[in-house]
Amino acid sequence: PPVRLGRFVYQPDRDELRAGEGEVIRLTTAEAALMRALAAQPGTVISREELAERCRMDGSMRTVDVQVTRLRRKIEPDPKEPRYLHTVRGEGYVLRPDL
C-alpha cells in the first residue's frame, strides 16, 4: 500500500516518491533503498546496522546517517525537526507515515 508522508506519497510497488499526484521526486539508489527498507516496516525501529545491510551500504554506519539526512531533505517539511523519519537514539531509525 502507498505510504503517505504529508504532501508526498511513496509507492513501494513502483519504488516511486511523488509530491501529491504530480511530480516524481528523484531518489538516488541509496535513498531509494533506504525508503524501501523503512516503508516496508512503518512504525518499526530499524537499526543502522540492519539498514546498512538491507540497503547494501558499504563503509561506516555514518553512511546510513548521511543517507537519512539526504532523504529527510526531500520528504520533511523541516529536516531539522523531522515529522516522518525519526532517529531513535541508540536504536536506529523509524518511518512514521500519516495514517
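Where is the place of Glu-31? Select Glu-31 and you will find that its place is in helix α1; helices (H or I, at least four residues) and strands (E, at least two) are DSSP runs, numbered from the N terminus. This is a predicted model, in which local features need pLDDT of at least 70, side-chain atom pairs count only at pLDDT 80 or more, and totals for chains, interfaces and linings use all residues. Residues are numbered from 1 along each chain as its sequence is written, and side-chain values use heavy atoms, with hydrogens and water left out.

**First stop: around Glu-31**

Glu-31 is buried, with a relative accessible area of 3%; buried means under 20% relative accessible area, exposed over 50%, and partly exposed in between (1.4 Å probe, protein chains only). Next, display the side chain of Glu-31, which makes a polar contact with the side chain of Lys-74 at 2.7 Å. The side chain of Glu-31 also reaches the backbone nitrogen of Thr-28 at 2.9 Å. A polar contact is a pair of N or O atoms within 3.5 Å; within protein, one must be able to donate a hydrogen and the other to accept it, and residues adjacent in sequence count only if both atoms are side-chain atoms.

**Second stop: helix α1**

Select α1, whose 12 residues reach 17 Å from the first C-alpha to the last, close to the 16 Å expected at 1.5 Å a residue. That expected span is 1.5 Å times one less than the number of residues. Among the buried residues of α1 are Leu-34, Met-35 and Leu-38.

Now select Leu-5, Leu-34, Leu-38, Leu-51, Leu-85 and Leu-95, which touch the most other members of the largest nonpolar core, a set of 28 residues. Such a core consists of buried Ala, Val, Leu, Ile, Met, Phe, Trp, Tyr and Cys residues joined through side-chain atoms within 4.5 Å. The largest share of this core, seven residues, comes from α1.

Select β1 and β2, which pair in the antiparallel sense over three bridges; two strands pair if DSSP finds at least two bridges between them. Val-3 has Tyr-10 in β2 as its bridge partner. Two residues lie between these strands in their hairpin, where Gly-6 takes a positive phi near 65°.
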